[in-house]
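Colleague: I have just opened this one and have not looked at it before. Could you walk me through it?

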Amino acid sequence: MRRGWRAHSIALVLALLGMGVFLAIVASLIQEGLPAISWRFLTGWSTSESIGPELLNTLVMVGMTLIVTIPLGLMTAIYQEEYHYNPAKKRVATLSRVRATLLSAPTIVVALVVYRIAVGWWHWPVSVLTGVLTLSVINWPFLATLSAQALRGVPDSYRQASLALGASRLQTTRGVVLPAALGFLVEGWGLAFARLAGESAALIVTAGVNVSRHWSLFGPGETLAVHIWYIRTEGVSLNRGAEAAATGVVLMALIAVVVWAFGRLSRLLGGAQPPSQEVR
Amino acid sequence: MMAPTVRCDQLSVWYGRHPALKSVSLSVQAGEVLALIGPSGCGKSTLLRAINRLLDEVAHIRIAGNVWVDDEDIYQKGVDVTTLRRRVGMVFQTPNPFPFTIFNNVAYGLRLTGKRTQSELRRVVEASLTKAALWDEVRGKLARPALSLSGGQQQRLCIARALAVEPTVLLMDEPTASLDPLSTARIEDLMGQLKGQYTIMMVTHNLRQAARVADRTAFFAKGELVEVGLTRQIFTAPSDRRTEEYLTGRYES
């Protein structure tokens, strides 16, 4: 008998089991939801039988959040990884602690704080914009952490070579470190999209559970994930089970497509890991 | 006699409280190859990194003493580190080309200074690759990724990258440590060609290499410069007992 076959087969069985459970869930969702999906369901603007506004809200809110938080997360990571090579420094330690705390805080708690500040003090409406603010606060620590990991993955020998050629830290970061980390970063942005698109509780509080006839940044912004929750708990339609499942299928497909696209882009840009320096 | 290109006077370096270099005074003449030999951790690499101030990037470092490069006291206030590092090129122990194309690797240092026309870039890239004895192997393949080259070619590419910004001094930190004998021989040949045009300081653990390539050799132990002299003299008639022990493989630190 080949050595290690037992551990190998146990791992295989467990993996197949996990995959089987996942596929069963997805299959039942598709079976229930797929018949309800139609062009009208996807693009119609009337809330009860279509998810056009929710689809738009999801794309706009997640998109805007990424536009805001990608540079913010990157800047945080660059400050921490490229400019402070002494992590014991107080400012960096504080920054990391804030980041870790925010990252592990339940998103609903983050949302309540944002609600208090944005809606309570600044009198913003419960809207798309407030939702974007909430998602940004949720996403910033996630992207900062991912970006820091990406930068840490860039071999130090690249930095040394660049500095030795007379490049400044900024030039080194822009000219060598970021290009080398780009593949990893892009893959992370795909993951962030998936994470944000699935966010529900935080948005129930800050973006609302309905949509307005005239789309606006200051109008209510129910997303796909919130819509699923809403029609399952508050919905009155006879068909609500199928509608929720159909929305779920759409959300899953959207996430799958985006994650796949970012993954492809990442590979085009040199892969998730900076190429190793093999010496042949 | 020409003025030395690199001169250290009472140079001491500490990592935190640990002394890495103890009061080293050393001159390197223009156009010569100086080999730095000695047991691991004796401060050779630290000395190299003091000369292009790459040590500045290390946390908790303390430096005392003076270093002159081309008559400029480089640890004086107001010295432009960028200009200094362009005059003092460096080649590292493991080939470390950027994950770009061959062309962009060599052009990187030139682009840092800003505007250069494409034709000027192309001219300098070709000249640098020719000087680094790599041009014949990569001609017509400049758009290929640098990481697709072999280890020895990568190291010559790194040398070309360093030469492209027209340094006067080249620091080489065990440049052949990770290469096979054939690639090593090619790098040594190349150093023979560069000798005279550049002032070269080379750290090496390969004593034969020091004997083959270097005009003068300096022996370091425990952060001290034990002795420095003509390579032939160091290898045949060292004046210090420690040098002799090291050369005959009996040195114990």
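Colleague: Where in chain A does pLDDT stay under 50?

Modeller: This is a predicted model, and in chain A the pLDDT stays under 50 over residues 273-280, a stretch for which the model has 22 contacts beyond four places in sequence. Where pLDDT is low, the predicted coordinates should not be read in detail.

Colleague: And what does chain A average in pLDDT?

Modeller: The average for chain A is 88, with 93% of its residues scoring at least 70, while chain B averages 90, and there 98% of the residues score at least 70. For the model there are also two scores, an ipTM of 0.90 and a pTM of 0.84.

Colleague: OK, how many helices and strands are in chain A?

Modeller: Chain A has eleven helices and zero strands, and reading along the sequence gives the pattern α-α-α-α-α-α-α-α-α-α-α. Its C-alpha atoms fill a box of roughly 70 × 65 × 30 Å when taken along the principal axes.

Colleague: Which domains does the assignment give for chain A?

Modeller: The domain assignment gives domain 1, covering 1-36, and domain 2, covering 39-268. The C-alpha centres of these two domains of chain A lie 29 Å apart, and seven residues of domain 1 are in contact with eight residues of domain 2. On the domain 1 side of that contact, five residues are nonpolar, one is polar and one is charged.

Colleague: At what angle do H8 and H11 of chain A cross?

Modeller: Helix H8 (residues 169-197) and helix H11 (residues 240-268) of chain A cross at roughly 170°, and their axes come within 8 Å. That angle is over 145 degrees, so H8(A) is roughly antiparallel to H11(A).

Colleague: Which residues make that contact?

Modeller: From H8(A) they include A:Gly183, A:Val186, A:Trp189 and A:Phe193, and from H11(A) they include A:Leu251, A:Ile255, A:Val258 and A:Phe262. Sorted by class, the contact of H8(A) with H11(A) has twelve nonpolar, four polar and one charged residues.

Colleague: Switching to chain B, what is the strand order in the open sheet?

Modeller: The open sheet in chain B has six strands in the order E6-E7-E8-E3-E9-E10, with mixed pairing. Its edge strands are E6 (88-91) and E10 (224-230) of chain B, each of which pairs on one side only, and neighbouring strands of the sheet are turned by 15° against each other on average, direction ignored.

Colleague: Last one: how many residues of chain B are in contact with chain A?

Modeller: There are 22 residues of chain B in contact with 22 residues of chain A. Helix H2 (81-87) and helix H3 (102-112) of chain B each supply at least two residues of the side that touches chain A, and that side of chain B divides into eleven nonpolar, eight polar and three charged residues.

Conventions. Residues numbered from 1 in each chain as written. Chains lettered and ligands numbered in written order. Predicted model: local features only at pLDDT ≥ 70, side-chain atom pairs only at ≥ 80, totals over all residues. Contact = placed C-beta atoms within 7 Å. Helix = DSSP H or I, 4+ residues; strand = E, 2+ residues; numbered from the N terminus. Nonpolar A, V, L, I, M, F, W, Y, C, P; charged D, E, K, R; others polar. Pairing = 2+ DSSP bridges. Axes fitted to C-alpha atoms, helices over the stretch in contact; angles between N-to-C directions. pLDDT = per-residue confidence, 0-100. Parallel < 35°, antiparallel > 145°, perpendicular 65-115°, else oblique. Domains from an automatic or database assignment.
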